[in-house]
Amino acid sequence: MKLNQKIGFTLTAAVLAVSMLSATAGAAGAASGNKQAPLPANTAEKVIVTNPTIITKLNSTSVAPLVVEAEKRYFYAMGGGKGGSESFELNGRQYRYLSDDIGTRAKLMDYLKQSYTEQAAAFFVDKYFITHEGRLAQLDADTGNILEFGKATAKMLSMTPTQRVYKLCVPYPEHRQGPEYITVKFEKVGDYWRVATAPHSIF
């Protein structure tokens, strides 16, 4: 083989080798890119809540069920419990006793602490209820709220392993007016999350 033919053969082989390496590197890069495709933004793991009093994982999908349960317990207490309780007058004001299931401070606290921290529940109980002749009582007045907490959306404002703060966007029925924005604190008590904001500050 002549010298110029040998040089031409060598250059051709080198070009082919470089081309194959480039193709291989490109394929590897594409494969690597597929593996590292980012997840959609603001994706929250769906937490299935079957019992809102035993939520162990709190995120934007499990906040609403806990708040709805807290709302239910707040209005049950504010409504006097099962209803039809005996009433009395004290210092010119009309009071009613709470039903037997929540008729003492200890019973009402136990009921509320299924959704609230002890501090939040105590702040509420001490503000709205009195003990009269050994029974828990409250002013004889009804209260209500038409906000739809079951349809609320939640945005996390801060978090630690045992404390969270969320801003709730709570609509009115049929969107009669703009939603209310309510900031709520949460705290992990033992294994379960509880509302750490006093109920009358939310509802």
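User: Why is Glu-69 called buried?

Analyst: Glu-69 has a relative accessibility of 10%, and buried means under 20% relative accessible area, with exposed being over 50% and partly exposed in between (1.4 Å probe, protein chains only), so Glu-69 counts as buried. The model is predicted, so local features need pLDDT of at least 70 and side-chain atom pairs count only at pLDDT 80 or more, while totals for chains, interfaces and linings use all residues. Residues are numbered from 1 along each chain as its sequence is written, and side-chain values use heavy atoms, with hydrogens and water left out.

User: What makes the pair Glu-69 and Arg-73 a salt bridge?

Analyst: The closest N and O atoms of this pair are 2.8 Å apart, and a salt bridge is a side-chain nitrogen of Lys or Arg within 4 Å of a carboxyl oxygen of Asp or Glu, so Glu-69 and Arg-73 form a salt bridge. Arg-73 is buried, with a relative accessible area of 10%.

User: Why is Lys-72 called partly exposed?

Analyst: Lys-72 has a relative accessibility of 48%, a value that falls between the two cut-offs for buried and exposed, so Lys-72 counts as partly exposed.
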